[in-house]
Amino acid sequence: MEVKKGCLYIVGTPIGNISDISERAVYTLKNVDFIAAEDTRNSGQLLSRLGIKNKFTSYHEHNTASKNDDIVKRIKGGDACAIVTDAGMPCISDPGESLVRLCGENDISVFVVPGACALTAALAVSGLDTRRFCFEGFLSTVKKQRTNHLNSLKKSQYTLIFYEAPHKLKNTLNDLLSFLGDRRIAVCRELTKLYEEVLRGKISDIITVYEEKQPKGEYVLVVEGAREASEITVEEAISAALQLHKTGIGLSEAAKTVSEQTGLKKSDIYRGVLNEC
């Protein structure tokens, strides 16, 4: 192993369990000239536990524009820099993407030291299709952007992966049910940490769980992709419409929503819903 001068190293760090850090990551962090960290306090605790002393520079979503040029200047001057995030892989729904791009524009070599990543960890334990998947990150809190985003995913047959904070989880589960239908989902909480938990079931099942339980910790949501209309029975569509109705949506609107999601006739779904009510 060696750390080359005048280079950037993207270093993955544990998402919870410190034992997951690699030997190469430790070596790199020990031997670079400085570390660009999303949260210097958080990363400082990690390095302290690993017995590493190094110089930090703060690098987060609010200062990337001002820090990128400074970091590139130091690297071009011969320093080796490592970029780390609070947990997991930098540049994946975390700061670093623009710095990597700028390094490329300045002919600076960029090396990756792979490590834990919450989205792939969650996908692996989800029990859902792993052959084709799409990482969607955090949904916007702006209603129009959020609606457009979810609408664009209705027909995607890829397994969908979202990150979510605990105080937004219930809202997001309800929106997933409303826009995508009552699909299978794996709700992964605090992966690799002491209170790691994976709940699997239909979206409506998980909503019921969190009616009695307060969300805590960081979440990764892995959602089944859309199925072909030919794979979905009218009975399943009626059941999905009834689940939507339980969230406060009118019967006609629920039937219409499920019809749009499945390609089945609204009249057939609506008739079945009426018979069940």
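This is a predicted model: local features need pLDDT of at least 70, side-chain atom pairs count only at pLDDT 80 or more; totals for chains, interfaces and linings use all residues.

Analyst: Residues are numbered from 1 along each chain as its sequence is written, and side-chain values use heavy atoms, with hydrogens and water left out.

User: Why are α7 and α8 called roughly antiparallel?

Analyst: The axes of helix α7 (residues 169–180) and helix α8 (residues 203–212) cross at roughly 155 degrees and come within 10 Å. Axes are lines fitted to C-alpha atoms, for helices over the stretch in contact, and angles run from 0 to 180 degrees between N-to-C directions. Angles under 35 degrees count as roughly parallel, over 145 as roughly antiparallel, 65 to 115 as roughly perpendicular and the rest as oblique. α7 and α8 are therefore roughly antiparallel.

User: Which residues make the contact of α7 with α8?

Analyst: Contact means heavy atoms within 4.5 Å. From α7, L169, K170, L173, N174, L176 and L177 meet I203, I206, I207 and Y210 of α8. By class, this contact has eight nonpolar, one polar and one charged residues. Here Ala, Val, Leu, Ile, Met, Phe, Trp, Tyr, Cys and Pro count as nonpolar, Asp, Glu, Lys and Arg as charged, and the others, Gly among them, as polar.

User: What makes α10 oblique to α11?

Analyst: The axes of α10 and helix α11 (residues 266–276) cross at roughly 135 degrees and come within 8 Å. That angle makes α10 oblique to α11. The α10 residues L251, S252, A255, K256, V258, S259 and T262 meet K266, I269, Y270, V273 and L274 in α11. This contact divides into seven nonpolar, three polar and two charged residues.

User: What is the volume of the largest pocket, and what makes a space a pocket?

Analyst: The largest pocket holds about 1100 Å³ of space. On a 1 Å grid over the protein atoms alone, a pocket is an open set of points where a 1.4 Å probe fits, with protein on both sides within 12 Å along at least five of seven lines; lining residues have an atom within 4 Å of a point. The lining of the largest pocket comprises 42 residues, of which T85, D86, A87, D94 and E218 are the closest to its centre. That lining has 17 nonpolar, 13 polar and 12 charged residues. α2 gives the most to it, with five residues.

User: How large is the second largest pocket, and what lines it?

Analyst: The second largest pocket has a volume of about 330 Å³. Its lining has 18 residues, with D182, R183, R227, I232 and A240 nearest the centre. α9 supplies the largest share of this lining, four residues.

Key:
Grid points are joined across faces, edges and corners, and a volume is the space filled by probe spheres set on the points. Helices (H or I, at least four residues) and strands (E, at least two) are DSSP runs, numbered from the N terminus.
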